[in-house]
Amino acid sequence: MPMELVINALLGLLVVATAIMAGVYFCFSAFVVRSLDAIGLPAGMAAMQSINRLIVRSAFLPLFFASTALCAMVFVVGWLDRQHAGAWPLLMGSGLYVAGMFAVTVLRNVPLNNALDAASAQGDEARENWRRYMRAWLAWNHVRTVSCILSSTCLLVALVQRAQAA
């Protein structure tokens, strides 16, 4: 199979994978976390702690890592062949995904999740811990959501430009 077909197939997979991730993050930003907050303490906080524990044992984690690895790989391909049709949206989409989704998750959301997991959903500090978590976690989740949407869009543009040039 020619390399062009392999790259285009990977781009097609990445368009779908980044769109799925955008949907996951969008749901959390749009209603999941707010619904947990509306339940009130301690149930809402305990439910988010449970989500954070279970998500790492779900289909989410392989998609999270595989899509990041593939984006890093196509970024290198795009960088090495910057003159090729679709190279710039490919670079923007894959770079934005790695920085705006993966790095933000690892550097911001995961530490917040770990701090929440260590906190008690009972007691005087629970309300303040939950409020602080909600503000910071949602803000960073919005970054992930927008990054995934823009990434998926850029990767789709790259795929179309590559197909038109073929």
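Helices are DSSP runs of H or I with at least four residues, and strands are runs of E with at least two, numbered from the N terminus. The structure is a predicted model, in which local features need pLDDT of at least 70 and side-chain atom pairs count only at pLDDT 80 or more, whereas totals for chains, interfaces and linings use all residues. Residues are numbered from 1 along each chain as its sequence is written, and side-chain values use heavy atoms, with hydrogens and water left out.

The interior is described through nonpolar cores, each a set of buried Ala, Val, Leu, Ile, Met, Phe, Trp, Tyr and Cys residues joined through side-chain atoms within 4.5 Å. Buried denotes under 20% relative accessible area, exposed over 50%, and partly exposed the range in between (1.4 Å probe, protein chains only). The largest core holds 18 residues, of which Met 21, Tyr 25, Met 101 and Cys 148 touch the most other members. Helices H1, H3, H4 and H5 each contribute at least two residues to this core, and H1 gives the most, with eight. When neighbours within four places in sequence are set aside, Met 21 is in contact (heavy atoms within 4.5 Å) with Phe 60, Leu 63, Phe 64, Tyr 97, Met 101 and Cys 148. A second, separate core comprises 14 residues, among them Val 32, Val 33, Ala 119 and Met 134. In soluble globular proteins, nonpolar side chains tend to be buried together.

A salt bridge was assigned where a side-chain nitrogen of Lys or Arg lies within 4 Å of a carboxyl oxygen of Asp or Glu. By this rule, the count is five. In one of these salt bridges, the side chains of Asp 37 and Arg 131 meet at 3.0 Å, N to O. This pair links distant parts of the chain, since Asp 37 belongs to helix H1 (residues 3-39) and Arg 131 to helix H5 (residues 124-165), 94 residues apart. Asp 37 is partly exposed because its relative accessible area is 21%, and Arg 131 is likewise partly exposed, at 29%.

Asp 117 forms a salt bridge with Arg 53, with the closest N and O atoms 2.5 Å apart. Asp 117 lies in helix H4 (residues 87-118) and Arg 53 in helix H2 (residues 43-55), so this pair ties together parts that are 64 residues apart in sequence. Asp 117 counts as partly exposed at 37% relative accessibility, as does Arg 53 at 39%.

Within helix H5, Arg 132 and Glu 128 lie four residues apart, about one turn of the helix. Their side chains meet in a salt bridge at 3.9 Å, N to O. Glu 128 and Arg 132 are also linked with Arg 135 in a network of salt bridges.

On the surface, Phe 75, Val 76, Trp 79, Leu 80 and Trp 88 form a nonpolar patch with about 560 Å² of accessible area together. Patches consist of residues with over 30% relative accessible area and no salt bridge, like charges being joined within 9 Å and nonpolar side chains (Val, Leu, Ile, Met, Phe, Trp, Tyr) within 5 Å; accessible areas come from the Shrake-Rupley method with a 1.4 Å probe, and for residues only the protein chains shown count as cover. Helix H3 (residues 60-80) supplies the largest share of the nonpolar patch, four residues. Phe 75 lies in helix H3 and counts as partly exposed because its relative accessibility is 32%.

Finally, a cis peptide bond joins Leu 41 and Pro 42, with omega about -5 degrees. Pro 42 is located in the loop between H1 and H2.
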